[in-house]
Amino acid sequence: MKRILWLMVLLGLAGFSLSMAQQRTVKIGFVSTLSGGGAALGIDARDGFNLAVRLLNNQLGGVPVEVIVADDQQNPDVARQAVDRMLKRERVDFMTGIIFSNILLAVGDAIFEEKVHYISLNAGPSEYAGERCNPYFFNVAWQNDNLHEAMGQYVNTRRFENVFILAPNYPAGRDALTGFKRFYKGKIAAEVYNRLNQLDFSAEIAQIRAARPKAVYTFQPGAMGVNFIKQYAEAGLLREIPLFLPGFSADADVIRAVGRPMVGIYNSSHWALELNNPVNQRFVEEFRKAYNRTPTLYASQGYDAALMLDAAIRAVGGDVSKKDDLRKAFLAGFNSTRGPLKFNPNGYPIQNYYLRQVIQAPNGEIINRLAGNIFTNHSDAYVSQCKLR
Amino acid sequence: MPPSLFLEQILNGVQFGLMLFLLAAGLTLVFGIMDMINLAHGSLYMIGAYLTATFVGLTGVFWLGVLLAVVGTALIGMLLEFSILRQLYKRDHLSQVLATFALILIINEVVRIIWGSQPLLLSAPEGLSGPIEILPGLNYSAFRLTIIAVGLVVAVGLFLLVNNTRVGMWLRAGASNREMAQAMGVPIKPLFTLLFGVGAALCAIAGAFLGPILAVQVGMGESILILAFVVIVIGGIGSIKGALVGALLVGIVDTAGRAFLPLLLSQVASPEVASNLGPALASILIYLLMAVVLFFKPQGLFPART
């Protein structure tokens, strides 16, 4: 009898220490696009995230962290397998990393069902902003429409008539043109959707030439943007018809690839290199030091995702099983590279949107320069349809 | 529809078609003469593009880079033939498909190991990166015009090679009846190695000139390989003339379909539906063309074997 009692105590102790050990690390599943035409985006986001974790001494909220990275190859099927592995085998506490909206929409429900918080560092589909908003979904970057709304507003104030708009045919592409049209009130010359991952834009460029618009607005993520701008310049249109872009298609990665033709192009962004706050200054400096290149907005979003997790885990005292408290902590916001950031009940941020222009600096480097403010404390258009509080 | 739009799309179609021809020419000869299905043909195209990007980066001169890449890819092609593909000639088509598919996977991984999984940058040479005014009011990319010129020059060169030289005569003999050609003393083994080198060189030219327009990335060969097979089936297996006609047909139908179908559809449907349906219908169009050609001419337009 006494022996059995001892055994029970021992077993209890073992179990206790086991559960203690489990609590001592937080596991983050980071599924992102790390190969193919969209790889530059995922790699920048991952590097930004890893940089923040490293600067926080490999801890988030004071708890040691393990980041498990997987490549979705920009393929929903591959992403589904990777997410399954994260949820079922690795039993991660949080997930983040996905770049493309069509991929997030393919795996989102599986993540929410497991009651795992997903902190999106890029994809911000309208589907998760309105009626189908979810308590386990947060987006640290923006809602898909936002940057395009800002550019629509800017093109509208410049009084351009007859604008040709073009985007790839996938959720974020449709969100993009919807967002642009929400604030641009002039005439649309044509609204054209190209294939996602299309690389030859000769057919679309011929259509633009024939339509004779006063301006062109296009959203092309990753290598598509590089190819579109190069081909648009090669066709001689860049000198004739001004091109307006969201920040995605005019950041350091695209500038590096396209070069000179980019100079002068206006674009919209929620983040800029020279935003004047200590978090951003440290981020830009450390990123340049660690990776020897200029950070993009994707890198800032990855960095911010880690800071957001850090703040929330700290707020719940490291106990990541308290899901409701975590949600409250996420909603309360944190100190980001864009200054203090707050969130709407649908999980999307309330923030400023800026105008940037690509310029050639006196030292010859081609960079984005902050050129003004478009929206202040801007929310997305869908939050009123979300029933969460 | 303004005539300049029409002309521009036809030029786009011809440009794409000529590049397809470079791929299809090697494929059709290998398939027609050696009776060998080589799925790894697209990999040679990828290797050509990667070598071009590397050599252009090293030398700083576009044309020198292209030349080095073409020679390099031809050597790699001949090495492949000599070491691996030669073992497959006597096997049936299924073994060839399996083995060359394995080659695709291996080459993709090797390229990933050497150059990484991020796409490489390859830009058009400085003087050709702008537009040229070909008609009053119609600017067209100088580089795309260069591609058309290069494609035409290579096509003419290939015709002269096949129709006016002894090697060409052997090739034609091999394509129409391999056993008989062998019996008549055509040196088949070195001919095959040479043929493979030529095919690889053509792939490299296509890779070098499509690289700056598209992207130099792993897996770039697979998507274009399917189109190249469509081309040789339409044109007739083993026929260079067939490959040229088939490639131009496929290039023009593909580009025109992509450009004009959404335009036509947008007259009757919303832009989203039009752009959803347009590209889908455009890609069906190519296979429709193939089905129609095969219905009337089961051997393709210009069969090498009669």
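These legends walk through several views of a predicted model.

Local features here need pLDDT of at least 70 and side-chain atom pairs count only at pLDDT 80 or more, while totals for chains, interfaces and linings use all residues. Residues are numbered from 1 along each chain as its sequence is written, and chains are lettered from A and ligands numbered from 1 in the order in which they are written.

**View 1. Chain A as a whole.** Let's start with chain A, which has twelve helices and 15 strands (DSSP runs numbered from the N terminus: H or I of at least four residues for helices, E of at least two for strands). Its C-alpha trace spans about 90 × 45 × 35 Å along the principal axes.

View 2. An automatic or database domain assignment gives domain 1 (10-142 + 275-343) and domain 2 (146-269 + 353-378). Their C-alpha centres lie 29 Å apart. Where they touch, each domain of chain A brings 17 residues (contact means C-beta atoms, placed from the backbone, within 7 Å). On the domain 1 side, helix 2 (39-55) and helix 4 (101-113) each supply at least two residues. That side divides into eight nonpolar, seven polar and two charged residues; Ala, Val, Leu, Ile, Met, Phe, Trp, Tyr, Cys and Pro count as nonpolar, Asp, Glu, Lys and Arg as charged, and the others, Gly among them, as polar.

**View 3. Chain B against chain A.** Here 30 residues from chain B meet 27 residues from chain A. Elements of chain B giving two or more residues to its side are helix 1 (3-34), strand 2 (138-141), helix 10 (240-266) and helix 11 (271-296). By class, the chain B side has 14 nonpolar, 13 polar and three charged residues.

**View 4. Helix 1 crossing helix 5 in chain B.** The axes of helix 1 and helix 5 (residues 142-164) of chain B come within 9 Å and cross at roughly 40 degrees (lines fitted to C-alpha atoms over the stretch in contact, with angles from 0 to 180 degrees between N-to-C directions).

Notes. Contact = placed C-beta atoms within 7 Å.
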